[in-house]
Amino acid sequence: MVIEEKLLYSMGATTKTYAIGETIFLEGEWPAFYYQIIKGEVKLNNYNEEGKEAIQIIIEDGQSIGESLLFMEKSYPMNAITITECEVIKLPRKAFISLLKEDAEISYKMNKCLSQRLYFKLIMTQNLSSQNPMLKLIALMDYLKSFATNQQQYSFKIPLTRQQMAGLTGLCVETTIRTIKGMERAMMLRIEDRKIMY
Amino acid sequence: MKTKSCMNIEESLLYSFGGETKTFKKGEIIFREGDQALYYFQIVEGKIKLNSYNEEGKEFIHNILGKNQSFGDSLIFLDKQYPMNATCLSPTEIIRLPKNNFFELLEQNPDISIEMNHCLSQHLYFKMVMIQNIASSNPSVRLKGLLDYLRSFKNDDCEHCFPIELTRQQMANLVGLRVETVIRALKKMEKEGGIKIHNRKILY
């Protein structure tokens, strides 16, 4: 979701800069702002009961962060942490909702954006229930890549360890490693310096 | 917090934008995987499931929806084919509205468009919780996630008073477990006091 910066400022938005590793919001906090990244990268993550990092999505320049929570009466279920220096534009929740009310086009775009995210989540849950490890991993990688601007083959670096990928798909690490090697041989991905390029 | 039943657009408004009523028998298919998304659908009466089959022919249920709920909304905003089927679980009456008429309705009714933002966000939230639960190897965790979601539509917070209207098989297909595993896990949850089972009905 990208809203023209000019429009955001006219509604009272401000800019904030963050250093690497700073928190934009924390799990459990009340969503009070619409955030859009002007420059930099942010990861969304959370931790399971055992303290393991459970999910990680990278959000790039021009994208909004956790906007779906602004439409609900729920606190954030995840953390947003910067992974580069970041410049972020933020607009108070109330002003954001007024903006959508005044501008049908933006509300429509928002519906489209939410639908897109929902679509990938849907495909992901569908494939996660599969017994085939490769389908599970493809589902996860497609989902992660769906947030990236560059959609070319092998352009996306999977920001997860094998262990994390196993945790997200319910596979064991050994199966995950074996399947990824098989996918490399089948040219479905590349491995550079142990990093997976998809 | 209560989960809102959505979309629940006033029927008269849907008709004024060209909505039409359709009735289906139990087991009939409203749309199939691979169909182009052409309509907005809202349930007047009855119950439907959104499902798909994996390469081994095993059913996966994405969601079960009932009265005053819409389904498949996200696909009309995208230029994609349905990745799932919509099948009636009971005799069902729906209102359908061609996609472009629906967009017009949203444009002229900003409050409904924001309601749509809300509704899609809610579905996203549900999916996120389900993805986290499906990744868990503990069947009770997966089932509890589903039960919590179902109960979140109700206002009252009382314990063991919410009846689960799903069969064991449907629950299994919603969380990606085998039915035997579901039955065993439910019995364990009963012993631990998480649920009550009365006449085979689950109370949560």
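Predicted model: local features only at pLDDT ≥ 70, side-chain atom pairs only at ≥ 80, totals over all residues.
How confident was the predictor? For the complex, it gives an ipTM of 0.80 and a pTM of 0.81. Chain B on its own averages a pLDDT of 88, and 96% of its residues score at least 70.

Let's take chain A. In terms of secondary structure, we've got six helices and 10 strands in there. Its C-alpha trace spans about 50 × 30 × 30 Å along the principal axes. The radius of gyration is 18 Å, and that agrees with a compact globule, because a globule of 198 residues would come out near 16 Å. As for burial, 36% of the 198 residues in chain A count as buried. And if you look at contacts between residues at least 6 apart in sequence, 69% of those in chain A join residues at least 24 apart.

Now, the part where the chains meet. On the chain B side, 35 residues are in contact with 37 residues of chain A. Which elements of chain B supply at least two residues each to that side? They are β5 (59–66), α2 (73–77), α3 (99–108) and α4 (110–134). Of these, α4(B) gives the most, with 18 residues.

Definitions and conventions. Residues numbered from 1 in each chain as written. Chains lettered and ligands numbered in written order. Helix = DSSP H or I, 4+ residues; strand = E, 2+ residues; numbered from the N terminus. Rg over C-alpha atoms; globule rule 2.2 N^0.38 Å. Buried ≥ 20, exposed ≤ 12 C-beta atoms within 10 Å, placed from the backbone. Contact = placed C-beta atoms within 7 Å. pLDDT = per-residue confidence, 0-100.
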